[in-house]
Amino acid sequence: MVMEAPLSRRGSSKASRPIVSGPVPTGSTEASTEIPWTRIDLDLYEVSRGGYIVGYVEVVGAVFVALGGARYDRAVEVSQHVTFHAAVDVLVRRVL
């Protein structure tokens, strides 16, 4: 069985806003809807935070391997997960 993560796509933070009939909140109270990953190969995804690459997720069979580091050739394995989003979450929340 081959597991595949979803294809990467650019999202718009304005598209996810609900329609409200009252005053529109200002400031940074909205949750960010930025997609932090980009598919760069058949089994490899690049994960970024704040415009900087924080790691990669490699699909190895039914396991998603989280690799921490800005360069793939020097990235170090951080953890292994059974879901793609858990592997991405570990890299995005990882303290550098």
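Q: Which residues do ring pairs link into a cluster?
A: Rings of Phe, Tyr and Trp (its six-membered ring) pair if their centres lie within 6.5 Å; planes under 30 degrees apart count as stacked, over 60 as edge-to-face and the rest as tilted. In this predicted model, Trp 37, Tyr 45, Phe 64 and Phe 84 form a cluster linked by such pairs. The count of aromatic pairs is five. Residue numbers start from 1 along each chain as its sequence is written, and side-chain values use heavy atoms, without hydrogens and water. Local features need pLDDT of at least 70, side-chain atom pairs count only at pLDDT 80 or more, and totals for chains, interfaces and linings use all residues.

Q: Why is the pair of Tyr 56 and Tyr 72 edge-to-face?
A: The ring planes of Tyr 56 and Tyr 72 stand at 75 degrees, with centres 5.5 Å apart, so the pair is edge-to-face. Tyr 56 lies in strand β3 (residues 52-60), and Tyr 72 in the loop between β4 (63-68) and β5 (76-81), 16 residues apart. Strands (E, at least two residues) and helices (H or I, at least four) are DSSP runs, numbered from the N terminus.

Q: Is Tyr 56 buried or exposed?
A: Buried means under 20% relative accessible area, exposed over 50%, partly exposed in between (1.4 Å probe, protein chains only). Tyr 56 is buried at 5% relative accessibility, whereas Tyr 72, at 37%, is partly exposed.
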